[in-house]
Amino acid sequence: MATKTRTIEVELSTSGLDRSGKPQRVPLVTNDGGTAIAFEEPLALEPALDGEHMLINLGPQHPATHGVLRLVLELDGETVVRCIPHIGYLHCGFEKTGEYRQYNQIIPWTDREDYLNAPGNNVAMALGAERLFGIEITERCKVLRVIACELSRIMSHLVWLGTTSIDIGAYTPFLWSFHQRELIYQLLEAWTGARLTTSLTRVGGLMADIPDGWTDNARSFLGGFNKVLDDVEKLLTNNGIWVGRTVGLGVMSPEEAINWGLSGSMVRASGVSYDVRKDFPYLDYETYDFEVPVGVNGDVYDRYLVRVEEMRQSVRIVQQALDRLPDGPINVDDARVILPSKTKATSGMESMIHHFKQVMEGPRPPVGEAYVAVESPRGEKGYYMVSDGTAKPVRWRIRPPSFINLSAIPKMVEGHLLSDVIAINASIDVVLGEIDR
Amino acid sequence: MNELTESFDIVSVGSALTNAAPPATPKNVPHRGGDVNPSADALKQQFGDAILRASVGWGETTVFVVRERAGEIIRWLHDDPSQQYDYLADVTAVEYRETEVPIEVVWHLRSLPYRRFLRIKTELPKDAPLEVDSVWGIYRSADWLERECYDMFGIKFIGHPDLRRLLMWEQYKEGYPLRKDFPLRGRFSRSEQLRQALAANPESRYSMEELTVAEAFSEIPEDMRRRLASGERTGE
């Protein structure tokens with residue numbers, strides 16, 4: 001077990017004058033038996049206006065809500081008394097549409113619901129369909145899928161890091177992290193031909209093998225990436241403004257985090273080491289050597305630390321996967337789900353009929369149901385599909401992690417200042433495409 | 001200059017669960033295969049006839065329970081020290097294409113200390129009101145999950161404190177989108193949908209609860225205030 005201890009040095013800030021005219025010093029963090037509590041007393045420069053509550057809309061068209069989220073906030077001065085979230089502005093009926101699509105046709109939809117984690121969603125969807133069909137995929141496919149999942153985790157966390165630092169007032173990390181994200185996009189583009197909507201997997205395999213020389217490019221990206229993370233951490237981790245704007249905000253205790261159903265970095269920042277990759281492994285994650293970072297206080301700052309550390313661990317996983325990448329086919333040898341090759345389909349009658357029926361009617365799984373959860377950058381991403389023996393699922397359910405993480409936002413923001421709502425909302429890492437589906 | 005120390009630990013999995021019972025065999029719980037979850041037998045012993053049947057498929061155990069006792073059974077699974085299903089992964093429903101088959105409500109439960117996954121199902125016949133116990137009092141994560149299920153299927157969760165529509169707006173009149181009798185393109189024509197959207201009242205986007213905030217109340221139009229004062233709910 002590796003243990004790291006970090007020391008943060010924070011200056012006490014001078015926030016203003018108190019009622020007697022002396023400079024008021026507000027401790028940014030009070031360490032009370034290991035628990036961080038910030039802003040014990042709000043800045044009381046004026047007497048509170050009792051009873052004069054104000055109702056404001058945060059969003060839906062506001063860049064800091066990361067999409068079309070609308071929070072109706074009841075304010076007492078600048079303090080949030082009540083928060084009522086409204087979602088559904090991006091609802092487009094993915095689950096309903098899935099009931100009218102074959103399993104392979106659903107995969108492009110999974111790109112578009114959580115658009116920051118498209119490869120990971122593709123993998124989850126394919127894993128679910130493969131469990132229904134009873135297919136065990138090839139070794140090379142497994143390793144390539146792990147690489148795709150972890151690269152997309154890094155990519156998503158980089159977007160989170162960049163946008164959150166902009167929300168809180170730091171601009172440079174945004175540029176640096178988006179540059180790194182661009183490098184991953186180039187890798188994905190070389191592999192799949194697409195940058196954002198990859199549609200990487202097929203039931204039983206992948207849409208394409210990696211091109212020649214791809215692993216070298218991936219290694220050279222990984223070689224430079226940790227350095228950039230170190231630089232970003234130098235800017236943020238001990239930065240007094242960053243610490244002051246994140247520590248002690250939106251605290252969830254471990255019991256609360258479990259009871260509210262949080263997952264991913266949210267629950268791990270609260271001190272619960274729940275990671276689907278470790279607890280309910282898929283794709284042979286139990287054979288990779290990586291660690292799960294766990295926070296202590298469950299506040300916005302810990303979520304930042306956990307996510308940065310997760311990127312480092314993902315780099316480790318990708319490196320191991322590149323080292324062990326075996327040769328061999330990427331698709332299973334199963335005529336139920338895999339198309340015949342193009343040359344066969346255009347030259348042999350049986351293969352052509354097979355190809356035609358496969359495309360027009362679609363493969364049919366046996367009657368059954370499967371719930372497959374993967375660790376998306378936002379948490380436990382589950383696909384629950386029910387088959388009645390036809391080519392289209394009876395029910396295709398997405399278990400969106402940030403939907404459930406966001407449902408705890410009233411608990412996290414109430415009692416904090418309005419400007420802290422931005423930081424707390426950013427720390428949830430919401431993707432509204434996934435929340436509204 | 002004040003110095004304060006924050007420790008940031010990386011721990012291996014399973015050891016960071018605070019105050020929980022020690023995990024049974026955290027590294028040796030089988031993840032794959034068709035083993036039945038031992039909780040199915042425990043449920044049968046504890047509740048007897050309330051457990052209708054259990055099945056295992058692809059390593060996932062499904063337990064069918066009678067509708068009236070679903071909430072009680074899930075509470076036992078949450079509270080009993082030998083089960084500890086402390087994490088509610090999902091609440092959803094399934095409607096089959098055959099119209100006579102009842103709608104199923106599905107709870108996906110996880111026990112983090114024991115690393116177990118259990119699916120609880122109950123059947124709601126279509127000729128009776130679609131109602132089932134809420135698990136809001138046990139798991140707060142059920143809050144939005146149950147609201148969404150109500151929104152999409154029209155299933156009423158008895159005991160949920162705020163069962164409103166979630167993804168669709170409160171004035172939505174076309175029914176429940178994920179029901180099988182709901183057409184893919186919606187019930188209303190595009191022109192009718194557009195007409196309703198343009199005719200919608202802006203203040204109807206607020207819930208009754210929000211409009212009771214003092215300042216907001218004084219700023220809304222007179223007729224709206226009268227309607228609210230008479231106890232009328234927005235939407236519905």
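Select α4(A) and α5(A): their crossing is left-handed, a label given when the near helix is turned anticlockwise from the far one by less than a right angle (right-handed if clockwise). This is a predicted model, in which local features need pLDDT of at least 70 and side-chain atom pairs count only at pLDDT 80 or more, while totals for chains, interfaces and linings use all residues. Residues are numbered from 1 along each chain as its sequence is written, with chains lettered from A and ligands numbered from 1 in the order in which they are written.

**Stop 1: α4 and α5 of chain A**

Helix α4 covers residues 139-168 of chain A and helix α5 covers residues 172-192; they pack at an angle of about 155 degrees, with axes 8 Å apart. Helices (H or I, at least four residues) and strands (E, at least two) are DSSP runs, numbered from the N terminus. Axes are lines fitted to C-alpha atoms, for helices over the stretch in contact, and angles run from 0 to 180 degrees between N-to-C directions. α4(A) and α5(A) are therefore roughly antiparallel to each other. Angles over 145 degrees count as roughly antiparallel, under 35 as roughly parallel, 65 to 115 as roughly perpendicular and the rest as oblique.

To see the contact, show residues of α4(A) including Leu151(A), Ile154(A), Leu158(A) and Gly162(A), and residues of α5(A) including Phe174(A), Phe178(A), Arg181(A) and Ile184(A). Two residues are in contact if their C-beta atoms, placed from the backbone, lie within 7 Å. The residues of this contact divide into twelve nonpolar, four polar and one charged. Here Ala, Val, Leu, Ile, Met, Phe, Trp, Tyr, Cys and Pro count as nonpolar, Asp, Glu, Lys and Arg as charged, and the others, Gly among them, as polar.

**Stop 2: α4 and α11 of chain A**

By class, the contact of α4(A) with α11(A) has twelve nonpolar, two polar and five charged residues.

**Stop 3: α5 and α6 of chain A**

Go back to α5(A) and select α6(A). Their axes come within 10 Å and cross at roughly 165 degrees, so α5(A) and α6(A) are roughly antiparallel to each other. The crossing is left-handed. Trp176(A), Leu183(A) and Trp191(A) are among the α5(A) residues in this contact, and Trp214(A), Phe221(A) and Phe225(A) are among those of α6(A). The contact residues of α5(A) with α6(A) divide into 15 nonpolar, four polar and one charged.

While on helix α6 of chain A, find Ser220(A). Is Ser220(A) buried or exposed? Ser220(A) counts as exposed because it has 11 C-beta neighbours inside 10 Å. The classes are buried for 20 or more other C-beta atoms within 10 Å of a residue's own, exposed for 12 or fewer, and partly exposed in between, with C-beta atoms placed from the backbone.

Next, select Met207(A) in the loop between β10 (205-206) and α6 (214-236) of chain A. With 18 C-beta neighbours inside 10 Å, Met207(A) counts as partly exposed. Leaving out residues up to four places away in sequence, Met207(A) touches Thr192(A), Ser199(A), Leu200(A), Thr201(A) and Arg202(A). A distance check from Met207(A) to Trp191(A), 16 residues apart along the chain, gives 9.5 Å between C-alpha atoms.

**Stop 4: a sheet in chain A**

Select β12, β13 and β14 of chain A, an open sheet of three strands in that order with antiparallel pairing. β12 (368-376) and β14 (395-399) stand at the edges with a single partner strand each, so one side of each is left without a neighbour in the sheet. Neighbouring strands are turned by 10 degrees against each other on average, direction ignored. Nine bridges join β12(A) to β13(A), residues 379-387, in the antiparallel sense; strands count as paired if DSSP finds at least two bridges between them.

**Stop 5: chain B**

Chain B has seven helices and eight strands, and buried residues make up 34% of its 236 residues. Select β2(B), residues 51-57, and β3(B), residues 60-65: they run antiparallel, joined by six bridges. Ala54(B) stands opposite Val63(B) in β3(B). The two strands form a hairpin with two residues between them, and Trp58(B) in the turn has a positive phi of about 55 degrees.
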